[in-house]
Amino acid sequence: MSPLVRRRDLSALLVRAVARIPMGSVQLPPSAIAAVFDLRRRSAGLKRKQVDVGRFTMPYLEGGNPDGPTIVLIHGFSDSKDSFVDTCQALSGTYRLVLPDVPGFAEASSPLDFTYDLASLTEVVAGFFEAVGLHDVHVVGSSLGGAIAVQLAMSRPELVRSMSLVAAAGLRMPTPSPLQLRLDAGDNPFVVDSHEGYEDFVRFVMEKQPPIPAPIRRHLAQEFMERASLNQKIMGDLLDGDWDFTPRLGGVKAESLLIWGDRDRLIDISAGRAYHRGLPNSRMVIFHGIGHIPQYECPARTGRYIRRFIESQDG
């Protein structure tokens, strides 16, 4: 049995053990929470690193095959570098994997005097590519990360070999999503002030929730609540900027895979179809019964589709 398989088995045992702890009976110390996250990363063959990009410190995960083609996986709004960890199980044997924290989120620097519009975020991410030595790589992006991937493909095409866009932002939705309707009404679901509010948010975002141990879920809820004011600022900065790539999609040269859940309440599937029409070299896959973040809801399936697409580019 390989060390990687043993690590996966150990990780699964630990998660099952922690999951048996009732929510209200214990609160794990930060060191225990960190150990669970670290074991999950190690089970996927990933290690934490960090690099400075201008005024930003950007932690990232790296692993997989160091001699293989590189895939950079960029998370969405108020998510983290851990977003695609489970999906990496389908990719680690062949590809070098790099998963950064986007500025403003998770462990990355979050200066309050920075304007977090899409162009500025993309510029910092491009600086991350340069700092880590990334060029002509496959880019996977979820939601906001998908918009960053498209912006990179348009502004720095030499950095992007292909794009896998998972419920990507970046277009005006032909059919407004429930999220868009709530934002238009002045309700930002990314700003919550209670554990119950966090649970409502998770149900809103995901149609099929993965099993998350109760103490970890409680920790995530607390972190999310503490980010409320920052999430509000970043969302405001993003909404004030340019959010419609439609007129420019025809100039994108990178081939693209579009993955969308048909139960996505954040970015309506009509946006995916608009991307498919606008991107000259694209294909689209629809996951039935899946919400906004397939990499959490069906990680193995998401990883298989990304792998097949990238294999078709490298073959």
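## Exercises on helix packing

Helices α6 (residues 195-205) and α7 (residues 214-226) pack with their axes 9 Å apart and at an angle of about 100°. Keep in mind that this is a predicted model.

**Exercise 1.** Work out how α6 and α7 are oriented to each other, and which residues make their contact.

*Solution.* Start with the angle, which is about 100°. Angles of 65 to 115 degrees count as roughly perpendicular, so α6 and α7 are roughly perpendicular to each other. Next, find the residues: α6 brings H195, Y198, E199, F201 and V202, while α7 brings R217, R218, L220, A221, Q222, F224 and M225. Finally, sort them by class: the contact has seven nonpolar, two polar and three charged residues.

**Exercise 2.** Find where the buried residues of α11 lie around the helix axis, and what they pack against.

*Solution.* First, look at the helix: α11 covers residues 299-314 and reaches 22 Å from its first C-alpha to its last, close to the 22 Å expected at 1.5 Å a residue. Then pick out the buried residues, T302, G303, I306, F309, I310 and Q313. Seen down the axis of α11, these fall within an arc of 135°, so they line one face of the helix. Last, check their partners: β3 (70-74), β5 (137-142), β6, β7, β8 and α10 (294-297).

**Exercise 3.** List the buried residues of α9 and the elements they pack against.

*Solution.* Within α9 (residues 269-278), I269, S270, A271, G272, A274 and Y275 are buried. The buried residues of α9 pack against the helix α4 (144-155) and the strands β6 (160-166), β7 (255-261) and β8 (282-287).

Technical notes: Residues are numbered from 1 along each chain as its sequence is written. This is a predicted model: local features need pLDDT of at least 70, side-chain atom pairs count only at pLDDT 80 or more; totals for chains, interfaces and linings use all residues. Side-chain values use heavy atoms; hydrogens and water are left out. Buried means under 20% relative accessible area, exposed over 50%, partly exposed in between (1.4 Å probe, protein chains only). Helices (H or I, at least four residues) and strands (E, at least two) are DSSP runs, numbered from the N terminus. Contact means heavy atoms within 4.5 Å. Axes are lines fitted to C-alpha atoms, for helices over the stretch in contact, and angles run from 0 to 180 degrees between N-to-C directions. Angles under 35 degrees count as roughly parallel, over 145 as roughly antiparallel, 65 to 115 as roughly perpendicular and the rest as oblique. Ala, Val, Leu, Ile, Met, Phe, Trp, Tyr, Cys and Pro count as nonpolar, Asp, Glu, Lys and Arg as charged, and the others, Gly among them, as polar. The expected span of a helix is 1.5 Å times one less than its number of residues. The arc is that of the directions from the helix axis to the C-beta atoms.
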